[in-house]
Amino acid sequence: RDLGVPVDAPRVIGTVGRMRPVKGHKYLIDAMRQMDNPPYVVVIGDGELLDEMREAAKQHGLAERLIFAGGRKNAYRYVSAFDAFIMPSLREGLPIAMLEAIAAGVPGYGTPVGGIPEILRDKRWLFEKESTEAVKTVLEYLGSATPEQLEETRREQYRIFDESFSIESYHARFRSLMEGGDGRL
């Protein structure tokens, strides 16, 4: 409710990221404009494009389904309310928000830029950057995927997270390095 999503929304897809061009949020608007019944999408983040994105969603009749929620303190707390996480970035480092989503049990989908493919190792979870059609395809899939399909993705992604990105795996690699291991962190 705090994000403006109706309690009875059938599926909520979300993302967390600064409202800057490099985050690719405009592709969410462009894709959803082409959809007859788009899912609910929540974008958490503050920045230079927030007012512009809100206005564009409103102008295209998407304001009820595409919610630019603005900045939120401790935004990671909201991620567990999402059914899926989407990151249409044009450039990225290692996206902590994606790791937080997967750690929270939310399946993630993103573009193959920066560290995203290191996290999302299966091509089924990646989509072309700067492509309205690719974002539309992912949103359509996420809007119609069965709970079982999303759960399978969640399990696979969490396994990768646990093996490669969890605090425990980091500590094990660090101990190995300190004990004269192969030096990979």
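## Surface, sheet and core of a predicted model

The accessible surface of the protein chain comes to about 9,900 Å², and carbon and sulfur atoms supply 47% of that. This is a predicted model. Of the 185 residues, 48% are buried.

Overall build comes next. The chain holds eight helices and five strands. In sequence order they follow the pattern β-α-β-α-β-α-β-α-β-α-α-α-α. The radius of gyration is 17 Å, close to the 16 Å that the globule rule gives for 185 residues, so the chain is as compact as a globular protein of that length. Along the principal axes, the C-alpha atoms fill a box of roughly 60 × 35 × 30 Å. Among contacts with a separation of 6 or more, 68% link residues 24 or more positions apart.

The five strands form an open sheet in the order 3-2-1-4-5, with parallel pairing. Strands 3 and 5 each have a single partner strand, so one side of each lacks a neighbour in the sheet. The twist averages 25° from one strand to the next. Helix 6 packs on this sheet, and its direction makes about 175° with that of strand 4.

| Element | Residues |
|---|---|
| Strand 1, touched by helix 6 | 12–16 |
| Strand 2, joined to strand 3 by four bridges | 40–44 |
| Strand 3, at an edge | 66–70 |
| Strand 4, touched by helix 6 | 84–87 |
| Strand 5, at an edge | 108–110 |
| Helix 6, packed on the sheet | 132–144 |

Ile44 stands opposite Gly70 in strand 3.

The largest nonpolar core has 60 residues. Val42, Leu66, Phe68, Phe82, Phe85 and Leu139 have the most contacts inside it. Beyond its neighbours within four places in sequence, Phe85 contacts residues including Val16, Val79, Met98, Val106 and Tyr109.

Definitions and conventions
Residues are numbered from 1 along each chain as its sequence is written. This is a predicted model: local features need pLDDT of at least 70, side-chain atom pairs count only at pLDDT 80 or more; totals for chains, interfaces and linings use all residues. Side-chain values use heavy atoms; hydrogens and water are left out. A nonpolar core is a set of buried Ala, Val, Leu, Ile, Met, Phe, Trp, Tyr and Cys residues joined through side-chain atoms within 4.5 Å. Buried means under 20% relative accessible area, exposed over 50%, partly exposed in between (1.4 Å probe, protein chains only). Contact means heavy atoms within 4.5 Å. Two strands pair if DSSP finds at least two bridges between them. Helices (H or I, at least four residues) and strands (E, at least two) are DSSP runs, numbered from the N terminus. Axes are lines fitted to C-alpha atoms, for helices over the stretch in contact, and angles run from 0 to 180 degrees between N-to-C directions. The radius of gyration is taken over C-alpha atoms; the globule rule is 2.2 Å times the number of residues to the power 0.38. Accessible areas come from the Shrake-Rupley method with a 1.4 Å probe; for residues, only the protein chains shown count as cover.
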